[in-house]
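Biologist: I would like to go through this structure feature by feature. Please give the general idea each time, then the case at hand.

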Amino acid sequence: MTRRQIGLNLGALVALMALLGVVYWQHTGARAVPGLIDALQSHDLQAQMLAAQGLKDIGVPAQAAVPVLVELATANGRSSIHSEAAGALPPIDLSAARKVMITWLPKLQDPDPQIRREAAAVLGALGPVAKPAVHSLLGIVDDPNTVVRDRVVRALGAIALPSDMVMGGLLQALRDPEWTVRYAAVTQFSFNGLSSPESVAALRELTQDSNQTVARLAKLVLTSRDHPISVSVHLLTLDQSNDRTYPLLQLAKLGPQAVEAVPKLSSLLTSDKPLERYLAACALETIGPTAKDAAPYLQRSLEDSDPIVREAAAEAIQAIENKKSAAS
Amino acid sequence: MTTQRSNSLLTTFTLLIYWSCILLGLGIPWIATIAVDVWKHDQSLAQATHQLQLHLFAPGFSLFLVAIFNAVPFVLLAIFTLFHLGLAPSEDRKLWGRRGTGVLVTALGFVGFSAWTHVMTLWYPDAQGALAYLFLPVLLLGLMPIGYALGRGVGTLIFR
């Protein structure tokens, strides 16, 4: 072979790699949004679900998909796409997520258990943004339908805030007559920082549960409590991970124990992702008076472009000040 | 005339291995996905192709990225082939034959090992299965000198 032939074939390989790079680039980030919106509007459930997951990963730049996602999340009829579309919304648009929450909240009281079940699943898919729904979810934690109770427990675990209210519901579920519900409740205590003397006592009782699966999981949860994930680990994850949602939620669940995270949480109040700003404010709220150093940052967040972040900042300020005056 | 024809055949052989390596490196994961969907999940070819298309850029499990990962050792072998065979003196048939066998055995080993790994990973799905996609390129690169040595040994026996 001549050197020219070798050079040409190498050049063709480089061109192929460049072409593949361009194809990948076109299908990632904000550039992928139009294609994903088309997939959402298709009648292929699998394509719709994958598109919703893709849009969730893209986050704020997927703003153009919000109307379609809201429509899918709130459409009448039973569909697995409700939860998937709802779950995609919080990283993109908090207000749209709240809109979905408001649509589904009354359905928790629907006479049809299938609809109540679906409503709980959608609210759970919204995660901590559906915090105002916790009160209504607690209202049906003793629903006569087992599957509804199971979905409620899972939804409470996913929303996780306010942790004291969620804990109340989960404690009740730990004593549910149906083992699947007890199992779902115990799962919420695994690796997630939720803990209280009452929950430990209830989990101890469950180690003797008549159902072996529940008993085994309860034992595992109690064992994992001996090695809790420290605040510094969550802080490290915040610094190293692209998706800060999980460590922020964990810090929010820890409450006053997470005081060490106040400076980091304060700095995240100016994050370019509304969900991170919202969760940072929620975490500061649960930390309470010891987060007083964050007050000036929270004051600035009262001017945040996102109304849900402004609301969370106001609640955090209130929590810091109220508890401060109660302590003094 | 005969020498010219023979040179052209050697060039064709080199380029055939070069491009086959590149295209199979990219294509094996996709072919394996379609094959498993058709044989294991009883899907039609059209359904399996649609599944592949859906998962090409799917979040969490992008078959496009899986193909790129898989192609890395194949592309390196292709470049090695291009220089190793392309620059070999065509008049020295013994040397050319031995080198050609070495490269061919390595390439066949790559294709077999990669196809087997992809099919098995999809046939017996496991939570840690995706790790295979990360380890496979490293393993193939490790196998490259072994495959070549084996092929070269066979070539020595054939081209005396």
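Modeller: Start with a cluster: ring pairs join A:Tyr24, B:Phe57 and B:Phe64. Rings of Phe, Tyr and Trp (its six-membered ring) pair here if their centres lie within 6.5 Å; planes under 30 degrees apart are stacked, over 60 edge-to-face, and the rest tilted. This is a predicted model, in which local features need pLDDT of at least 70 and side-chain atom pairs count only at pLDDT 80 or more, while totals for chains, interfaces and linings use all residues. Residues are numbered from 1 along each chain as its sequence is written, chains are lettered from A and ligands numbered from 1 in the order in which they are written, and side-chain values use heavy atoms, without hydrogens and water.

Biologist: How many aromatic pairs are there over all chains?

Modeller: The count over all chains is ten aromatic pairs. A pair of aromatic rings is described by the distance of the centres and the angle of the planes. For A:Trp179 and A:Tyr183 the centres are 6.3 Å apart and the planes stand at 75°, so this pair is edge-to-face. Both residues lie in helix H11 (residues 179–187) of chain A, four residues apart, about one turn of the helix. Helices are DSSP runs of H or I with at least four residues, numbered from the N terminus.

Biologist: What should I look for in the charged pairs?

Modeller: Side chains of opposite charge can pair when their charged atoms come close. A salt bridge requires a side-chain nitrogen of Lys or Arg within 4 Å of a carboxyl oxygen of Asp or Glu. The structure holds 13 salt bridges over all chains. One of them joins A:Asp143 and A:Arg116 at 2.7 Å, N to O. A:Asp143 sits in the loop between helix H8 (134–139) and helix H9 (146–159) of chain A, and A:Arg116 in helix H7 (residues 113–126) of chain A, 27 residues apart. Both A:Asp143 and A:Arg116 are buried.

Biologist: Which residue does A:Asp176 meet in a salt bridge?

Modeller: Its partner is A:Arg149, at 2.6 Å, N to O. A:Asp176 lies in the loop between helix H10 (163–174) and H11 of chain A and A:Arg149 in helix H9 of chain A, so parts 27 residues apart in sequence are tied together. A:Asp176 and A:Arg149 are both buried. There is also a network of salt bridges linking A:Lys131, A:Glu285 and A:Glu315.

Biologist: How many salt bridges are there between chain B and chain A?

Modeller: The count between chain B and chain A is zero. The side of chain B that touches chain A divides into 17 nonpolar, six polar and no charged residues. Here Ala, Val, Leu, Ile, Met, Phe, Trp, Tyr, Cys and Pro count as nonpolar, Asp, Glu, Lys and Arg as charged, and the others, Gly among them, as polar.

Conventions: Helices (H or I, at least four residues) and strands (E, at least two) are DSSP runs, numbered from the N terminus. Buried means under 20% relative accessible area, exposed over 50%, partly exposed in between (1.4 Å probe, protein chains only).
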